[in-house]
Amino acid sequence: MIEKREKAKSRTSTHKENKYSLFSLAKNAVSKHKNWSQAWRSPELKPEYDIVVIGAGGHGLATAYYLAKEHGSKNIAVIDKGWLGGGNTGRNTTIIRSNYMWDESAGIYEHSLKLWETLSHELNFNTMFSQRGVLTLAHTEHELKEMTRRVEAIRLNGIDSEVLSPRAIKQIVPIIDINPQLRYPVMGGFIQRRGGTARHDAVAWGYARAADQLGVDIIQNCEVTGFNIKKGAITGVKTVKGEIKANKVGCVVAGHAGVVAEMAGFRLPIDSRPLQALVSEPIKPILDTVIMSNSVHMYVSQSDKGELVLGAGADSYNSYSQRGSLNIIEGMLAAAVELFPVFSRLRMLRSWGGIVDTCPDASPIISKTPVKNLYFNCGWGTGGFKATPGSGHVFADLIAKDEPNSIAAPFSLDRFVGGYLIDEHGAAGVAH
Amino acid sequence: MSSQRFRLREAGRLDRNAPLKFKFDGKIYEGFRGDTLASALLANGVHLVGRSFKYHRPRGHLGVGAVEANALIQVGEGNSTEPNIRASQVEIYDGLVASSQNRWPSLLFDLGGVNDLLGGLIPAGFYYKTFMWPRKWWMKYEYFIRRAAGLGKAPTGRDPDRYEKMHAHCDVLIVGAGPAGLAAALAASKTGARVIIADDQQTFGGSLNRETDCYINDKTTVDWCKDVVATLEGLPDVTMLPNTTVSGYYEQNYLTLLETTKPHFFKSTIQQTRHRLWKVRVKQVILATGMIERPLVFANNDRPGIMLSSAIREYINKYGVTPGQNPLIFTNNDDAYRTALTMRQNNINVVAIVDVRENPDSELFRQAKEMQIPVHVGFAVVTTRGYSRIKSATIMKLSSNGKTLTGERKVLGCDCLAMSGGWNPAIHLFSQSGGKVKWNDELATFIPSEATQNVLTIGGCNGTADLAKSLKEGLQAGISAARLSGNKAHPPATPSVQEPVQSETRFVLPIPTQKNKFVSEKVFIDFQNDVTLSDIQLASREGYNSVEHLKRYTTVGMGTDQGKTSNVNALMLLSQILDCEPEQVGYTTFRPPYAPTTIGAYAGRNIGNLFSPVRTTAINPWHEEAGAKFEHVGQWMRAWYYPKVNETMRQAVDREVTAARTNIGILDASTLGKIDIQGPDAAEFLNRVYTNAWLKLPPGTSRYGLMLKEDGMVMDDGVTTCIKENHYHMTTTTGGAASVLEWLEEWLQTEWPNLKVYLTSVTEQWAVAAICGPKSRELLQELCTDIDLSDKAFPFMGYREGTVAGIKARIFRISFTGELSFEINVPRSYGLSLWEKLLDVGKKYEICPYGTEAMHVLRAEKGFIIVGQETDGTVTPVDLGMDWIISKTKPDFIGKRALSRRDIIKADRKQLVGLLADNATDILPEGSQIVEEVLPKPPMSMIGHVTSSYFSPNCGRPIAMALIKSGRDRMGQTVYIPLKNKSIAATITNVNFLDNVSK
Ligand SMILES: Cc1cc2nc3c(=O)[nH]c(=O)nc-3n(C[C@H](O)[C@H](O)[C@H](O)COP(=O)(O)OP(=O)(O)OC[C@H]3O[C@@H](n4cnc5c(N)ncnc54)[C@H](O)[C@@H]3O)c2cc1C
């Protein structure tokens, strides 16, 4: 009902502004912002699409955008069971970096980071990609050695990273406690200066708006309940709003990947678990970099609004309820106070959880499936926000060509058959 | 110093004999004990206390308690300062220092105020549309945006206070000690149920504290409260927690309560517990959280002096303060009349009541008339004036549909405005519990509907406005909760109640604004985040029509008050714009905590030394005394090396390594994980979890084993010994002890429940001294006479029990160094004495203690692996050159299938090899990467990395181990290690350096 009225409204409106700029903002200020067009339409579901993308998270929306833009695909729908961007995209702590150890990971995440660097312009939507640096700490002899391995691999892959002494760290992060008497003293660290954060909602909205402008239909509140499969090939999708025919279907549903795969009759090597995050009340800037620590298990950044954004590891049990357990929060806040004593008197404002989809090797799946013309993109687990542009880009390529490109190829489902795993566990205990 | 001009002569319940002085923005003011910062400032006529987040508009006090959106204050200084504290939640004490936030240079003149004039340019979400030019300038814009944002300031150093945690169980937890909550407590407690009742205020009573026009059993409400509290205090199973906010509601009726234990007025120099975080498991929760008053939505509704009507009543009746001498009342319901009447009774000149209802008809209305308070019915306040405080309000007549204004403008002078827009039940915790809410048309708000946990809602929280009904619901809920949690109960008598009867509310939202060509007046929905009516309209126009999109795009409800006063108004407006029912618009999810909660309280005592326990061995005191350097290994602190005076690490390690090969070295090996395995299926179990054969291991012997994950990758290693039939002693790596036990239990409990095997961690039960070197047998022989230690009687991989230095011991003849060695296990409490004895007697053999570094070198000299160093979760036994340990005949073991997979049997996998730098002085950095060809600059393709690297005194040169692609096929090949400033050439060799590298 809401949608119908909206449609009626959007049909009647004219002279809408759909290019964002300082000029258009000023012009619209004069007309009291009455002439902005809708960021995206709320179209009716059509009975048939060439390509249906399931999941209007960042990855799904990006996929649709690149399909429309780079592969000239027309007649695409992105469908979501809730509101667009309401999954992990709108719940994550937005750390972006490409300093992964394995070549395959460096490949996809660096591809993504390069796209981040021009994304706001690409989408004409400010995603607030802030290259404030991501600093990873080492607290034991063993971590220092692991760090050398990772830093050297990153360097030889041509990706930026810089090793820092505790003193240099203190200079970048004056509020950190580098007292050598700490339970796990800061012994060193390394920073990727091109890494940072972005505004998660803006990423979903920016891609949604840009995809919509290219004619992609974004259908919200439209849960997928099953598939139509004939002779091993996909022919359509069943949804709560009815059945749709589709030639190709890309599935990007993160924590629900296992559930949706089951609808198509196969299983995925995916664990779904709650991952929590929280923010403090907003305060004046005290932390200009993203800090991550494995031994003192937590990571933190300060948003542009002034809130400290904190996270740690996932809950240890499987669940689809977007709520985690309290002990995780207690652990991450103790870790935070341990490293940043001034946090103690600040206050937690909100905490929440999302369902993360993790593979046994902590790397994603970008792949064809046992069902022809059905493709899956999932398994990003605790760290897929940073991959949003890159993941959408290579997944669009896979859907369009029915063949993975060299960046996506290592992440095929087939690796679980052959055993060529890309194990990112060891490389990052807190993998964001 | 200013006098308390707005203090009433009589009203209020504070200690007027205890005047206190405090500072706000550098100025000294006076208040009384019992005042909050807000009431004391109001007593001094101070309304302007803050600036808003975005437009930096002057702001005053809006409400009382957790609902306050405006009056956020920086309290205290230095280490103990706290930002963003609601002025109404700080009790004042002598010497309190507080200041306003987010303004520059001063509160009265704030440069940020230009944003208010720029308002047109910076509507909701403007930042998504701009700051993109010139390209790459975002970081520059961001710098300024960051500095403009944020509210108060963080403390400057370590928190001087302390925090505690408390675990509790109870039958009934009552949240909120207003009339409903107190009635519930009374009823439940009389049944013998264990009851906890918590309230965030210092005095129990909730809304009763602000009312003077109600009577319960012919007593004033305050007296009734006192009686109930006295009764409850006398009951042994009732825990009363004032100053306690119930903050989180988790699964299985698990709730968190934050108790403030250090009263604000008590300033002390000793470290004290400031908050106690209660974690309570409850059979039945009763939510009596009351209602929150809703602001009215009209132009310039945010000026200092515009307050919620109920808050004003509370200031008068509880604190004896009037927020103004010439108040104006603006309402859509009867309740605000009570504020007017209370003011009149205190001889305050009420300017007028402006009531949007066309023909209000109630006892309260008549009383107001009788008291000659002017009432403008069918009128609305359409705008206000005043900078640091409201000066006047303009009122006009509303059309009958409430959508337009008619007639003349009237300007009414006033110094404060009490507004009341209706009431919202505080359903936050109910929603956190997973309960569903539904829209109620009469109240125009959401109320609880279906619960998913054992929780009852009563009184205001349930949407019940009148006192008699709330008390009744309370009593009933108390009884049924007690019953549900297993206590017998009879319903108590319902008290008699006198209270004003209230009539209907008329919801006019928003109040229409007058068209004004020159300035667009702002109509605020969310005060703290400066979200206006036009922001909501804009968001909807742009398609942000889901409540969650609306919230995120406009930031409505995302301030530190989490939208307590704004959410319902916002979604009612959205439903109007979309022309649908509010029910269809829905509600955003409430997220814990209910109100912002001190981070230190969650950390509790688990910081500093208690952040993570430090594990040390029984022999640790000796290491410390010997001046050992320590290394973190998981939670353990292990002796790393024992430098003598003026010795470098390298010198010390060389000495220790040499001693172990020439005489005797002694290592504290107590940290190795140890698991006692018993049961008739123990051998079968080991056979499944290790890659090699275990069914025929005779008692008195040991075997080395590798454990794989399902994917065929090495997970842990260790020696397991058959103590006797069906009884084994497993060792694991130090770091892997806990995860291996968890892994084994998981298999036993979930995959092989039919196996009769019992696992017990005994890591801490045994102290282990490992002696190693050619003379170790001689030494042991001196201390152990009941075992034949000869090679024949006690061969390699043998196990014996006997007495060493008079202590019953388990001796394992195993070796991690390639030398003759014995690992002597004794009960932990004997560890130190065994160690000292061995050293004492060992003197004549030139025994030398060695640490973990020497241990690493010794094993590397022989090419033995360390799990976690040579492996990283991607390495198979075959990659390690340990094919010999994989049984070809066993039907199955964990990881077996994986080892035969396509990519696991490929020849170009990374394989473990030795690496010798061509220049015999170069020590390759551990972790450095290996290439076939050095390019002038990255990227370069890597073929492997250095896993271990040491100087080996026994080989007389540095040695290294590495994982290299097809490494075993490359023996003798030269590869390169490109470091930042230079490249090192090295040759690939066998890993057994000691036997292959000539000195
Ligand atoms: C607390 C938290 C912190 C995180 N921190 C970081 C971080 O700092 N850095 C980082 O890089 N990553 C982080 N992540 C991970 C990151 O958020 C995700 O990997 C990424 O956002 C996944 O994007 P997506 O588009 O694949 O999934 P989502 O955004 O979850 O989108 C999936 C969509 O599928 C829809 N859907 C599900 N089932 C159906 C169905 N049956 N029919 C139709 N639609 C369906 C859902 O409604 C949802 O909108 C974090 C995650 C969480 C939970």
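In chain B, strand β46 (residues 910–917) and strand β51 (residues 983–989) pair in the antiparallel sense over four bridges; strands are DSSP runs of E of at least two residues, numbered from the N terminus, and two strands pair if DSSP finds at least two bridges between them. The model is predicted: local features need pLDDT of at least 70, side-chain atom pairs count only at pLDDT 80 or more, and totals for chains, interfaces and linings use all residues. Residues are numbered from 1 along each chain as its sequence is written, while chains are lettered from A and ligands numbered from 1 in the order in which they are written.

The domain assignment of chain B, automatic or from a database, includes domain 1 (15–126) and domain 5 (907–996). The C-alpha centres of these two domains of chain B lie 65 Å apart.

Strand pairing also links the two chains: strand β16 (residues 347–358) of chain A and strand β32 (residues 597–598) of chain B are antiparallel over two bridges. There, M348(A) has T597(B) as its bridge partner in β32(B). The contact (C-beta atoms, placed from the backbone, within 7 Å) takes 81 residues from chain A and 89 residues from chain B.

Methods:
Contact = placed C-beta atoms within 7 Å.
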